[in-house]
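Here's a walk through this model, starting with the overall build of one chain and then moving on to a few of its details. Keep the 3D view open as you read.

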Amino acid sequence: MLAFILQRLIQAMVVMVTVAFIAFLLFQYVGDPVVFLLGQDATQEQIDQLRADLGLNQPFFVQFGHFLANAVQGEFGLSLRQGAKVSRLIAERFPATLELALVAAGLALLAGIPMGVYAALRRGTFMSQLFMTLSLLGVSLPTFLIGILLILVFAVTLGWFPSFGRGEVVQLGWWTSSLLTLKGWHHIILPAVTLAIFQLTLIMRLVRAEMLEVLRTDYIKFARARGLSNRAIHFGHALKNTLVPVMTITGLQLGGLIAFAIITETVFQWPGMGLLFIQAVTFADIPVMAAYLCLIALIFVVINLVVDLLYFAVDPRLRMGKAGGH
Amino acid sequence: MPSPLFQRCALTLVSAACLLLSAQAQAKPFKWSSASDIPTLDIHSQNNALGNGVHAAIYDSLVYYNSKTFKVEPRLATAWKEVSPTQYRFTLRADVKFSDGSALTADDVVFSLERARAKTSNFHVYTQGFSRIAKVDARTVDIILSGPNPVLLNQLTELRIMSKAWAEKNKSTEPKDGKTKDETYAHRNAMGSGPFMVKEWQPDQKLVMVKNPNWWGWKDAPSNVTEIVYTPIKNEATRAAALLSGEIDFVLDPSPQDLGRMRNNANLKVIDGVENRTIFLGMDQFRDELPGSNVKGKNPLKDVKVRKALYQAIDIDTIHKVTMRGLSQPTGALVSPQVAGWTEGVHKRFPYSQDDARKLLAEAGYPQGFEVDFACPNNRYINDEEICQAVTAMWAKVGVKAKLRTLPLVTYFPMIQRYEASIYMLGWGVPTFDALYSLQSLTRSVGTGGDGNYNVGRYSNQRMDYVVDRIKTETDLPVRNRLLTEGLQLQNDTVAHIPLHNQVIPWAMKKNIDLVHRADNRLDWVLIKVN
């Protein structure tokens with residue numbers, strides 16, 4: 001058990017360092033923040049001075065070494081654009097992104113599972129064909145297009161929802177929540193729907209496929225032979241067994257939701273980490289970009305680690321001596 | 001399916017809107033947006049156009065430009081006189097209070113001007129030539145200069161005044177720069193004597209300013225705005241949607257493709273104004289051979305005939321009508337009409353003529369044209385990339401094969417500053433409204449103290465250097481104006497750069513908003529009316 005966890009942790013560390021290294025390598029090409037900091041009137045002496053002050057003139061590996069040493073302590077320095085501590089900026093933005101991702105995941109589950117079950121049970125009917133066609137659209141339409149379309153219809157034409165921002169937030173310690181006010185919910189619906197659509201179609205198709213699979217198994221036949229009602233068979237037996245892979249996928253996708261919220265956040269001016277990252281990119285704000293990428297990598301690593309450990313707990317085969325590959 | 005949830009939402013919306021409407025009867029909020037947030041509230045930390053414009057709502061300067069005429073007019077200083085060519089005396093307005101109730105005195109002015117001169121300040125361009133700031137009495141301040149300075153008043157328009165006591169109390173006596181490790185209080189907080197006060201700033205989300213009822217100038221200001229809410233919206237489609245849906249009142253930077261729709265919308269209006277920013281092409285006139293060119297052993301761009309041929313090959317009317325959709329003011333001058341030194345004469349362009357261009361190229365020894373590197377930014381100026389593509393096609397017609405590469409501004413500007421481009425695009429705004437600002441940076445031989453700091457084609461002309469250096473110290477206004485015009489004309493005659501046009505900046509807003517379009521692309525807060 002301990003060896004397994006250790007092994008996983010070491011792998012996670014390697015992933016983190018690799019991400020940090022690749023990210024840092026890329027930053028050599030994103031441009032020069034000094035131009036922004038000094039403006040069009042700067043003289044060459046000022047530019048050289050600032051570059052030296054920021055340590056931008058040091059060799060790559062020295063810069064990377066400094067960065068790693070600080071990052072291990074959770075210290076990413078000061079944002080070049082905003083002059084604020086990066087850790088503080090991220091902490092301010094994280095709640096917005098997490099709430100958006102959770103609401104989107106909730107929406108995707110709440111709508112995706114019933115739609116998938118329906119499509120499996122009523123195969124060939126008009127509604128299930130419609131669901132399947134719409135899900136194709138959901139998978140293939142790019143997120144920013146969906147977002148813009150939703151804004152156009154529901155904010156501009158109908159005027160039902162606001163087109164941007166997070167609305168009112170409530171302060172809970174260092175956490176800010178927009179889920180405690182009506183206005184906050186009002187603001188979160190369009191971005192959450194935009195972000196959820198891809199997941200929703202994924203879950204729907206997954207549930208449908210799994211459900212069809214399970215309905216073919218022997219124990220469903222036995223259940224029918226026992227004379228159980230359709231309702232008990234479908235929801236008591238089939239759906240329950242379908243949900244195990246769905247839960248795994250949803251958990252793993254949560255990381256994806258957080259990471260890919262970038263586009264949704266940009267379209268809706270949602271003040272989360274993704275928007276912070278995009279703004280950092282246009283400004284070549286290296287400390288913010290580095291911190292964001294490392295954090296996203298950390299989230300993925302942690303989620304994967306947890307999933308691995310859960311498998312370990314659930315699957316007895318892994319506990320038997322040397323774990324086989326899976 | 002019209003679900004009950006939607007109906008309930010719609011209902012709550014209506015009632016919320018009603019509540020809002022009744023509240024609006026007293027409070028007049030003005031909600032506006034543009035792509036990015038201000039970098040800081042610190043008035044001496046970052047010389048950023050948007051930031052400076054917002055700071056002007058919170059902090060007063062000694063003098064400021066009139067929004068319509070762009071003449072310098074009194075603000076905190078009610079009068080000034082020249083004691084000697086290097087000493088100016090300013091009389092401060094009586095009874096000016098900071099928004100915390102304390103009186104504004106000469107000490108605050110001395111402190112603030114010194115703060116702008118601090119090592120960590122980014123405002124040295126506006127304090128150039130200051131030698132010492134001295135308090136004479138509680139309402140009089142002297143600025144002592146290291147030499148005659150004809151643009152002193154223009155410089156002072158961007159130097160705002162902060163309370164000394166407030167800065168000391170909050171440990172913000174020096175602005176923050178790239179090296180400072182911790183945030184300063186003045187970065188996120190502000191307290192000035194201006195018409196508005198900061199109520200709340202969440203960077204990148206919302207800046208709320210409320211009316212300062214005790215501002216000294218309200219009796220002459222038509223504004224009825226009680227609250228200004230700024231929300232940066234990065235995505236231009238979302239910004240347009242927020243205006244169309246009525247969530248905001250004003251957009252500073254609507255995107256060109258949304259303008260048609262906005263102009264045709266009955267609830268919106270678009271005001272076009274010429275921005276004080278000229279877009280031009282620069283050419284490397286220094287290197288002996290251009291990398292990427294098929295001309296070996298010499299640099300064709302050093303020949304004025306070649307530069308003029310490139311100039312005359314550009315069909316500026318097509319760029320104006322097609323590329324810019326009419327939103328540009330073609331010009332032959334390096335500065336816009338609001339800038340001192342500009343005349344009808346320097347504004348006139350060399351005519352567009354492919355024949356002349358071909359003839360000039362043949363005379364210069366390139367009858368078949370040549371290949372040359374051409375660099376452009378793709379996210380800095382309005383339609384920058386499209387303009388460069390059009391120019392590339394026009395040059396191809398006279399045989400010049402420009403190899404266009406476009407770069408985002410974060411990599412573009414360092415690249416041209418390393419002198420790596422053969423032909424490049426640049427746009428130059430003139431915050432001082434004085435042509436010296438452009439001539440010194442763009443046409444003066446590369447030197448120290450801002451001389452030629454964006455002369456990245458390294459143009460060098462003895463007469464130009466002489467003219468620029470004289471303008472710096474000439475205080476006799478008519479003589480100085482003649483010199484400014486001479487400098488601009490000399491740039492035209494030697495084709496140091498190829499001017500294209502002045503940018504026209506459209507502002508989009510709701511029909512019920514009255515305001516003045518300023519050539520420096522910033523709002524005059526006390527002229528905004530919400531009807």
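Let's start with overall size in this predicted model. A compact globule of 531 residues would have a radius of gyration near 24 Å, and chain B comes in at 25 Å, so the two agree. Along the principal axes, the C-alpha atoms of chain B fill a box of roughly 75 × 75 × 45 Å. As for burial, 48% of the 531 residues in chain B count as buried. Looking at contacts in chain B with a separation of 6 or more, 70% come from residues 24 or more positions apart. In terms of secondary structure, chain B has 18 helices and 19 strands.

Now for one of the sheets. Four strands of chain B make an open sheet in the order E4-E5-E7-E6, with antiparallel pairing. Its edges are E4 (77-84) and E6 (130-137) of chain B, each of which pairs on one side only. On average, and ignoring direction, neighbouring strands of this sheet are turned by 20 degrees against each other. Helix H3 (residues 106-117) of chain B packs on this sheet and touches E5, E6 and E7 of chain B. The direction of H3 makes about 170 degrees with that of E6(B).

| Strand pair | Residues | Bridges |
|---|---|---|
| E5(B) and E7(B) | 87-92 and 140-145 | 5 bridges |
| E8(B) and E9(B) | 196-202 and 206-211 | 6 bridges |

E8(B) and E9(B) form a hairpin, with 3 residues between the strands. Have a look at Asp204(B) in that turn: its phi is positive, at about 70 degrees.

Over in chain A, there's a helix pair to look at. H10 (residues 230-267) and H11 (residues 273-283) of chain A pack at an angle of about 85 degrees, with their axes 7 Å apart. That angle falls in the 65 to 115 range, so H10(A) and H11(A) are roughly perpendicular to each other. Which residues make the contact? From H10(A) come Ala261(A), Ile262(A), Glu265(A) and Thr266(A), while H11(A) brings Gly274(A), Leu275(A), Phe277(A) and Ile278(A). By type, the residues of this contact between H10(A) and H11(A) split into 5 nonpolar, 2 polar and 1 charged.

How values were computed: Residues numbered from 1 in each chain as written. Chains lettered and ligands numbered in written order. Predicted model: local features only at pLDDT ≥ 70, side-chain atom pairs only at ≥ 80, totals over all residues. Axes fitted to C-alpha atoms, helices over the stretch in contact; angles between N-to-C directions. Helix = DSSP H or I, 4+ residues; strand = E, 2+ residues; numbered from the N terminus. Parallel < 35°, antiparallel > 145°, perpendicular 65-115°, else oblique. Contact = placed C-beta atoms within 7 Å. Nonpolar A, V, L, I, M, F, W, Y, C, P; charged D, E, K, R; others polar. Pairing = 2+ DSSP bridges. Rg over C-alpha atoms; globule rule 2.2 N^0.38 Å. Buried ≥ 20, exposed ≤ 12 C-beta atoms within 10 Å, placed from the backbone.
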